[in-house]
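Subject: Handing over a structure

Hello,

Here is the structure I promised to pass on to you. Please open it first, and then read my notes alongside it.

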Amino acid sequence: NIPLLYHTDLTLTNERLSVKSSSMWKDQMLNPNRYSAIKCLMHNHSIGNTYIFNKELVDIARKRPKDLIMHDVFYLLIASLFGKVSYGSESHILYRQHNKNICGGSKLLTYSSLRKKLNVKLIKSSLHRKFNLAKNLINIYGDKMSSSDKAVFMEISRLNEKGWFLRRYYIIKHKAYMNGIIRNLGMFLIL
């Protein structure tokens, strides 16, 4: 018995539940077929309210980092490290968007969205959280991780200690990319 996680796309709506987009994945340019643990660490492509998972995932995920910000990223990571992740591309949920949403749902190629995605402070903070999560996962689950995943997470967790060239080298070496050219361009410019 291994941890299993299944997730789906979402239909985006406005505050009055009028459909804005039939696919969040298309709007956000997300690829749900990115299941390696490092890809899941670098960019969450799933939304927690679409998750279906088994008891094995819940049991392993009981040990969590204290500073965990997004539970859906954590469950996706645990399933990708120790089990299997699968998805269905048909949306079964209306995801209501409003002006106060913290994340998700806005079109990637709008001026305000691009400005937010290329915000230096936000990108640095997001990358720091990812590197810290890698470190925390090693501390909690290192004895259960495969040697290859552990080595990759160890190098990624230490990127803040590396120089300009080595940070980019390790991202390329481990294919630790985000979804899409725009996000990766922002990451490489700021990393």
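A definition to start with: angles under 35 degrees count as roughly parallel, over 145 as roughly antiparallel, 65 to 115 as roughly perpendicular, and the rest as oblique. The axes behind such angles are lines fitted to C-alpha atoms, for helices over the stretch in contact, and the angles run from 0 to 180 degrees between N-to-C directions.

Some background next. The model is predicted, so local features need pLDDT of at least 70 and side-chain atom pairs count only at pLDDT 80 or more, while totals for chains, interfaces and linings use all residues. Residues are numbered from 1 along each chain as its sequence is written, and side-chain values use heavy atoms, with hydrogens and water left out.

The protein has 9 helices and 6 strands (DSSP runs numbered from the N terminus, H or I of at least four residues for helices and E of at least two for strands). Of its 191 residues, 46% count as buried, meaning under 20% relative accessible area with a 1.4 Å probe and protein chains only; over 50% is exposed, and in between is partly exposed. Among contacts (heavy atoms within 4.5 Å) with a separation of 6 or more, 67% link residues 24 or more positions apart.

Now the sheets. Strand β1 (residues 4-8) runs parallel to β5, joined by 5 bridges, and H7 has Y87 as its bridge partner in β5.

Strand β2 (residues 11-13) pairs with β6 in the parallel sense over 3 bridges, and the bridge partner of T11 in β6 is L94.

In the loop between β5 (84-88) and β6 you will find S91. Leaving aside neighbours within four places in sequence, S91 is in contact with D9, L10, T11 and S22.

On to the helices. The axes of α4 (residues 71-82) and α6 (residues 120-141) come within 12 Å and cross at roughly 55°; the two helices are therefore oblique to each other. V73, F74, L77, I78 and F82 of α4 make the contact with L133, L137 and Y141 of α6.

α6 also packs against α9 (residues 181-190), at an angle of about 85° with the axes 10 Å apart, which makes α6 roughly perpendicular to α9. In this contact, V120, I123, K124 and L127 of α6 meet G186, M187 and I190 of α9.

H43 is buried, with a relative accessible area of 10%. Not counting residues up to four places away in sequence, H43 touches L30, R34, K130, M178, N179 and R183.

Best wishes

Note on methods: Pairing = 2+ DSSP bridges.
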